[in-house]
Number of protein chains: 2
Amino acid sequence: MSESRIHNATLRGKIMSADEAAALINPGDNIGVSGFTGSGHPKEVPQALARRIAAASERGETFRVGIFTGASTAPELDGALFKVNGVSMRLPYQSDPDCRNRINSGDALYTDAHLSEVAQNTAWGHYGKLDVALIEIVAILEDGRLVPSTSVGNNPTWLDLADRVILEVNAGLNAKLEGMHDIYSVALPPHRQPIPLIRPDDRIGEPYLRVDPAKVVAVVETDCPDRDTQFSAPDENSRLIAGHILDFLQYEVDKGRIPANLLPLQSGVGNVANAVMAGLNDGPYENLAAYTEVLQDGMLDMIRSGKLVCASATAVSLSKEALVDFNANLGDYRKCIILRPQEVSNHPEIVRRLGIISMNGMLEADIYGNVNSTHVLGSRMMNGLGGSGDFARNAYLSIFMTPSLAKNGMLSCIVPMVSHVDHTEHDVQVLVTEHGLADLRGLAPRQRAKLVIEKCADPKFRPALRDYLARAEKSANGQQTPHMLGEAYDWHLRALKGESM
Amino acid sequence: MSESRIHNATLRGKIMSADEAAALINPGDNIGVSGFTGSGHPKEVPQALARRIAAASERGETFRVGIFTGASTAPELDGALFKVNGVSMRLPYQSDPDCRNRINSGDALYTDAHLSEVAQNTAWGHYGKLDVALIEIVAILEDGRLVPSTSVGNNPTWLDLADRVILEVNAGLNAKLEGMHDIYSVALPPHRQPIPLIRPDDRIGEPYLRVDPAKVVAVVETDCPDRDTQFSAPDENSRLIAGHILDFLQYEVDKGRIPANLLPLQSGVGNVANAVMAGLNDGPYENLAAYTEVLQDGMLDMIRSGKLVCASATAVSLSKEALVDFNANLGDYRKCIILRPQEVSNHPEIVRRLGIISMNGMLEADIYGNVNSTHVLGSRMMNGLGGSGDFARNAYLSIFMTPSLAKNGMLSCIVPMVSHVDHTEHDVQVLVTEHGLADLRGLAPRQRAKLVIEKCADPKFRPALRDYLARAEKSANGQQTPHMLGEAYDWHLRALKGESM
């Protein structure tokens, strides 16, 4: 394999085993790893590092590291390292059960952030010094440039900032990824220029990552697949939510506010988002474009059907079945898929310029339209903020969606007051559940409340929500956003006791 | 006066009295008025309209209008119209006592919004149809172009969108304002281009407003001063807050993160902000620039002293004394002050590109760094969001500041959980009170909590905050953001009863 994938002589001289590479990582190091939504993360060195950490632990030594990623990774990385309690600090988005448990038990600190801001925050040193970059790629060119893997994430920044670089060259991923990426570097102030991207399919950089070969301390050859992300077939609720959104987009087109081919789409991860894509694939719209974080099965279907003519993202995260198709037809997909650094895929400047239609899931919304995307009952971290804030704040349309009920109908996802705010009323324009869609644009809080209750809440919770609002309107110290702080969280307190809200 | 200030023959033919102009406004009209922080608002037609509304009310008729502004206005506008309960809907920022009372009594709906988004939201029709534009200017050129007044706000958008335009030509303001403005129009998606502004003093548009003369239904000549904004001399707390911020900026320079002349400054309104400017004026920094919403006394002092070499804003809002100086030396000030539409002065694209140092006041912050800028005890509107979100989300540094105590020491401005969230933990990097500065960048929530309590809270409230945090860490359902929802608002509930928190 070293001949076919590693064409640079200097770097070929640094090939070693995963265990040898992991030995170059020290206790206390901050490691910038590649990886976004289970794709493009290093697969073998993290597991070797976890073995080192477990061995140190058996000797009674403390060996912990800081892990900076693009977003969520997979069991070989977050799973392996958190199982051995080897991570002191993790940022930003995660979705691994072992990682989540360590965060919520207090074993690990978790610094969540808007995904577009992680690169600049690291460059400014806000997270401490970056010691190691551990990056998966699919090939090294003769001149030393790197062919990125199935995600870009913060890799350019990690490669720039780290003292030591470890590369995993993964022969298990398709070499035809070469040419799919567009690596553009955003300068720091006061040297920033306008980002010259005015269409989702504009290419503004080069398709390779660059690294100072003198910093590369190890090159590890691997042959591993990405995590496959399973989607369930759209259920009834997802289909209803998708239907409401499609009706609403048609309303926007009919009003003349957006073109017949809509505006570029951003779609969060998960089954509901995937169902919306399936709905769009069956819908009347042609020549669609996506400017999003993650390309999932639903968008790949739309590319195949010809509905989606281009998709810009920072990662490709597919099911096993979709991966087969992706690999078999990569030459074609490369013509319309562009993978960018997450600083660009999520950049507020671009999101606002393009006028994105942004669609994201949530845990709960309150009657005034504030959204909680991250914290279960106020304290417990689910996954993280991700790019939802990058998109929602600046989008043409910011849509948040969820089924109206959770936990077998015990919990209402529409509550009097959210237990944590990730997106304020000013950044939430549209709420959707299976029952309906609330178009909150331009409305004052009390108007929003009535609409959210009647359109989005499950009918069995509506009387209690109406009652809360009515009594708050009578008793609150001000009528802008009537609340009764003494009982605003009674619903959550019942849920904490295991009762129905 | 008509010869000296109104040089276009067609528009000269439309001169009439304020009462005649007000008669052209109908019940139910939405009116886009000029005005930002008490400057550049129309002064006579609103009062004439208030008289019409009062007369209708005496006849038992309902006469109410919607009022869209740039930001806050003055007694002649908000005061006059809200006194007669003539406003059904108001947006966005306000600070008038009569307006605030109508909002909090429920008489008027108030749709608050990020100031940079108001123009596009109106263009998309989210607030309903704009019937009338009522704009103050200081002169009309022979070709019909308009010389803007002391604020630009959303005037270009109001002039574009309204069916009918009423102009107030104010001879009481200095004609030498001509040339100070830079009117650049941001297109709607999918036609947006990069905004070609890379330095605060770049001029990218033309210094005049344009209007279709056929839409102008009235031109009213006025001779009135702007509202003067009084500042108190910096008190001890303000000086301490300013001192902490100056020390911190020096720390940033020493770290090499920002240049010796800092990065462009944004400063909110009010006495504390003004005190920070006074501190900077006495400090070591030279060749400073401002990219902000409102130019107040503090920045004018800095221009006069030569510390501030350019200031970009959307409004000039000065005290009586500063206005005298401003008018006497307008020829000089025009060389380094640029007034832009608020869509540009507050644009996320520019704020992020320039790497603004953003400093804004707040009502309260919680231990995790969430900020409430708007709602007193959760329900009662104070002023509004203003541009704080435009700047804080995208700034290089987002600083929020307040004295640690309010209401003669009864209330703590650092609380367990804010009663309303305008800025989430992810958008709040630095909190400052007279006691100290908490640099929250890169920290996980529990780390933030300890720092906020020890650096920012008043010592008499620290034990109770430490106790809340310690018990929450023992009992919460997750350790990412430990809270006890059952008592998170006990502090506010005591305050609602008139007790000390």
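Me: Which residue is the bridge partner of A:Gly32 in β5(A)?
Reply: The partner of A:Gly32 there is A:Ala133. This is a predicted model, in which local features need pLDDT of at least 70 and side-chain atom pairs count only at pLDDT 80 or more, while totals for chains, interfaces and linings use all residues. Residues are numbered from 1 along each chain as its sequence is written, chains are lettered from A and ligands numbered from 1 in the order in which they are written, and side-chain values use heavy atoms, with hydrogens and water left out.

Me: In what sense do β1 and β5(A) pair?
Reply: Strand β1 (residues 30–33) of chain A and β5(A) are parallel, with three bridges. Strands here are DSSP runs of E with at least two residues, helices are runs of H or I with at least four, and both are numbered from the N terminus. Two strands pair if DSSP finds at least two bridges between them.

Me: What about β7 and β6 of chain A, in what sense does each pair with β5(A)?
Reply: Strand β7 (residues 164–170) pairs with β5(A) in the parallel sense over five bridges, and A:Ala133 has A:Val165 as its bridge partner in β7(A). Strand β6 (residues 146–148) pairs with β5(A) in the antiparallel sense over three bridges, with A:Ala139 opposite A:Val147. β5(A) and β6(A) form a hairpin with five residues between them, and A:Gly144 in that turn has a positive phi of about 95°.

Me: Why is β5 of chain A described as largely enclosed?
Reply: Nine of the nine residues of β5(A), residues 132–140, are buried, so the strand is largely enclosed by the rest of the structure. Buried means under 20% relative accessible area, exposed over 50%, and partly exposed in between, with a 1.4 Å probe and protein chains only.

Me: Switching to A:Ser34, is that residue buried or exposed?
Reply: A:Ser34 is buried, at a relative accessible area of 0%. A:Ser34 belongs to the loop between β1 and α4 (45–58) of chain A.

Me: Which backbone atoms lie by a polar atom of the A:Ser34 side chain?
Reply: The backbone oxygen of A:Gly40 lies 2.7 Å from a polar atom of that side chain, and the backbone nitrogen of A:Glu136 lies 2.9 Å from one. Leaving aside neighbours within four places in sequence, the residues in contact with A:Ser34 (heavy atoms within 4.5 Å) include A:Leu77, A:Asn155 and A:Trp158.

Me: And the sheet with β16 of chain A, what is its strand order?
Reply: The order is β17-β16-β23 in an open sheet of three strands with mixed pairing. β17 (371–372) and β23 (414–415) stand at the edges with a single partner strand each, so one side of each has no neighbour in the sheet. β16 (residues 364–366) and β17(A) pair in the antiparallel sense over two bridges, and A:Glu364 has A:Asn372 as its bridge partner.

Me: How many residues does each chain bring to the contact between B and A?
Reply: Chain B and chain A bring 79 residues each. The area buried between them is about 6,800 Å², of which carbon and sulfur atoms give 53%; buried area is the accessible area (1.4 Å probe) that two parts lose on being put together, summed over both.

Me: How many salt bridges are there between chain B and chain A?
Reply: The count is three, a salt bridge being a side-chain nitrogen of Lys or Arg within 4 Å of a carboxyl oxygen of Asp or Glu. One of them joins B:Glu349 and A:Arg353, with the closest N and O atoms 3.2 Å apart.

Definitions and conventions
Polar contact = N/O pair within 3.5 Å; in protein donor to acceptor, adjacent residues only side chain to side chain.
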